[in-house]
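Student: I would like to learn how to read helix packing and a few local features from a model. Can we go through one case by case?

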Amino acid sequence: MTQKLWDGRFSEQTDRTVEAFTSSIAIDRRLYKHDIQGSIAHCRMLAKAGILTEEEVQQLVGGLEQIQEEIENDRFVFDDRLEDIHMHVESRLAEIVGGVARKLHTARSRNDQVALDARLYTRGQTWQIIHQLHRLRKVLVDVAAANFDTIMPGYTHMQRAQPVLLAHHLMAYYEMFSRDSARFRDALVRIDVNPLGSAALAGTTFPIDRTDTAEQLGFAEVAANSMDAVADRDFMLEFLAAASICMVHFSRLAEELVLWATSEFGFIELPDAFSTGSSIMPQKKNPDVPELIRGKAGRVFGDLVALLTTMKGLPLAYNRDMQEDKGPLFSTVDTLRTCIDITTRMLPQVTFNKDAMRNATTIGFLNATDMADYLVGRGVPFREAHAVVGKAVAYALSQGKELDQLTLEEMQTFSTVIDGALFEALKVEQVVNRRTSQGGTAVAVVKDAVRRAVDRLESESLYQEEQS
Ligand code: ARG
């Protein structure tokens, strides 16, 4: 029989299936480092408060460090009868340092302990994700900068609409991932709060110093209410929500890559190293990587909904339901981090078929708006110009031609204000480069956007170095 750390009032052994059912060690063992880090801070604070002696602290810290070393070298025995990582560390500590181990849990409960571990872990992962997103954003900017001369169709309703620079299209994703990064940074404000010292729910009778543990653990703040501190998982929900929105962006980018790699589009060639073949059709090169990224968004949304559902309607304060938080958290961390990493490595290796992209802009009247704008420039009200161009498009369609393939005489049958300059305005480079409005697709504007992104990435990387 395993001696439980809480079995004083129990006269019967725990049912074996109950032990397995209630155990979370298979999942929360991942928190060992944070658990040990939190325990070291806790016992140092207890010494300052006169609750432990210096000698006891040395013994405890030595034992905790040994446990970390054992776990990292696969010499630690995990056993689901010991429930969770907190119990594992504490009972091994008792084996190493003896009776003094029993003093470590003074003025603490597993409720504030697990909240602490989860916050330390989430904080660390959030910073990692911000760093990874930084690299991805840099790659997007680099690929954009290499493609100021690549023009492609821009779409609305999945129909060719107006030509845009590939660089502009890619910079749209830079914006999305920049917002993701900012969302994670914002979530950190609420993640970076010390719950330790809330004990089970009501605080403790011991003269502890929660500011001291906050300082030791690098927390910006101390949680203000002990009941809230042990019952709160908002910080995780925010993290999962930020991750979900980020996965929306990955899935959209992935979908575009899948589409662009089709023979119908032929806009890109995916790197062989990031594609797979078919077991039956020898000619196939499948875009499994972007497909899986697109698919994995479902898992991350599921993690968010799972935790929202677990937390909904829980009375204060800690409830065991909350043990279900870590599975979704870890699953999202793993999924998101892998998606960022693989996209960052894949994007620079994608070959853009510039000719195919440009050719696609010449079919489908992508310059029709520009013909209307040209007429407006000659004093025709926009709605009227719109109707004139509509007629010209219908006529061109009937001739099997594009607008720029009509003759000046044909054009002049639609409006007398038209002259030869129209054909200049219909050229695809003109169409792109006249869109100089803020945030538009003209080369000059996109170059400026890239310059600003480079500066921003630079200043963020300095800030990030200071923080971590
Ligand atoms: N394994 C538990 C969890 O993950 C730790 C807290 C347990 N607290 C308790 N009172 N049983 O939530």
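Student: At roughly what angle do the axes of helix α14 and helix α15 cross?
Tutor: Two packed helices are described by the angle between their axes and by the distance between those axes. In this predicted model, the axes of α14 (residues 368-377) and α15 (residues 382-399) cross at roughly 135° and come within 8 Å. The two helices are therefore oblique to each other, and α14 passes α15 in a right-handed crossing.

Student: Which residues of α14 and α15 make the contact?
Tutor: From α14 come Ala368, Met371, Ala372, Asp373, Leu375 and Val376, and from α15 come Phe382, Ala385, His386, Val388, Val389, Ala392 and Val393. Sorted by class, this contact of α14 with α15 has eleven nonpolar residues, one polar and one charged.

Student: How are α11 and α12 oriented to each other, and why?
Tutor: Helix α11 (residues 288-311) packs on helix α12 (residues 326-346) at an angle of about 155°, and their axes are 9 Å apart. Angles over 145 degrees count as roughly antiparallel, and α11 and α12 are therefore roughly antiparallel. The crossing in which α11 passes α12 is left-handed.

Student: Which residues of α11 and α12 meet?
Tutor: On the α11 side they are Val289, Pro290, Ile293, Lys296, Arg299, Val300, Asp303 and Ala306; on the α12 side they are Pro328, Ser331, Thr332, Thr335, Cys339, Ile342, Thr343 and Met346. The contact of α11 with α12 divides by class into nine nonpolar, four polar and three charged residues.

Student: Is the crossing of α4 and α5 left-handed or right-handed?
Tutor: α4 passes α5 in a right-handed crossing. The axes of α4 (residues 54-72) and α5 (residues 85-97) come within 9 Å and cross at roughly 115°. In α4, the residues Gln59, Leu60, Gly63, Leu64, Gln66, Ile67 and Glu70 meet Val89, Arg92, Leu93, Ile96 and Val97 in α5. Of the residues in this contact of α4 with α5, seven are nonpolar, three polar and two charged.

Student: What should I look for in the backbone of the loops?
Tutor: Most residues other than glycine have a negative phi, and most peptide bonds are trans. Aspartate 74 has a positive phi, near 55°, and is not a glycine; aspartate 74 sits in the loop between α4 and α5. The peptide bond from leucine 316 to alanine 317 is cis, with omega near 0°. Alanine 317 belongs to the loop between α11 and α12.

Student: Which residues surround the ligand?
Tutor: Ser24, Asp84, His86, Arg110, Asn111, Val114, Tyr318, Arg320, Gln323 and Lys326 do. A reading of such a site can then go on to individual atom pairs.

Note on methods: Residues numbered from 1 in each chain as written. Predicted model: local features only at pLDDT ≥ 70, side-chain atom pairs only at ≥ 80, totals over all residues. Heavy atoms only, no water. Axes fitted to C-alpha atoms, helices over the stretch in contact; angles between N-to-C directions. Helix = DSSP H or I, 4+ residues; strand = E, 2+ residues; numbered from the N terminus. Parallel < 35°, antiparallel > 145°, perpendicular 65-115°, else oblique. Left-handed = near helix turned anticlockwise from the far one by under 90°. Contact = heavy atoms within 4.5 Å. Nonpolar A, V, L, I, M, F, W, Y, C, P; charged D, E, K, R; others polar. Near = heavy atom within 4 Å.
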